[in-house]
Amino acid sequence: MENAGVGWIAAIIIGGLAGWFAEMFMKSDSGIIMNIILGIVGAVLANAILSVFGVVLTGWIGYLIAGFIGACILIAVGRAIRR
């Protein structure tokens with residue numbers, strides 16, 4: 001998160017927003033704590049995947065986009081495992 005230029009409190013807020021956006025987009029039903037976790041873990045996951053391709057997202061907007069992409073991936077993987 002230090003590489004993204006946001007602190008821990010901002011990461012929780014942005015992660016919650018990213019998780020909520022992903023929840024709405026993927027039509028999932030999870031709570032606020034799960035949204036925060038999905039957003040934060042999703043941002044780390046998406047940044048790792050995107051860095052392989054040479055794409056670096058920084059700042060608040062970059063962290064939000066990465067969190068959204070990663071959370072959508074995590075929701076899709078969770079659905080695939082449950083089936």
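Where is Val55 found? Val55 sits in the loop between α2 and α3, with helices (H or I, at least four residues) taken as DSSP runs and numbered from the N terminus. The model is a predicted one, so to speak of local features takes pLDDT of at least 70 and side-chain atom pairs count only at pLDDT 80 or more, while totals for chains, interfaces and linings use all residues. Residue numbers run from 1 along each chain as its sequence is written, and side-chain values use heavy atoms, with hydrogens and water left out.

Helix α1 (residues 8-26) packs on helix α2 (residues 32-52) at about 100 degrees, axes 6 Å apart; axes are lines fitted to C-alpha atoms, for helices over the stretch in contact, and angles run from 0 to 180 degrees between N-to-C directions. That makes the pair roughly perpendicular (65 to 115 degrees).

The axes of α2 and α3 come within 6 Å and cross at roughly 100 degrees. The α2 contact with α3 includes Gly39, Ile40 and Ile49 of α2, plus Ile69 and Ile73 of α3. By class, that contact has 14 nonpolar, 5 polar and no charged residues.

Key
Helices (H or I, at least four residues) and strands (E, at least two) are DSSP runs, numbered from the N terminus. Angles under 35 degrees count as roughly parallel, over 145 as roughly antiparallel, 65 to 115 as roughly perpendicular and the rest as oblique. Contact means heavy atoms within 4.5 Å. Ala, Val, Leu, Ile, Met, Phe, Trp, Tyr, Cys and Pro count as nonpolar, Asp, Glu, Lys and Arg as charged, and the others, Gly among them, as polar.
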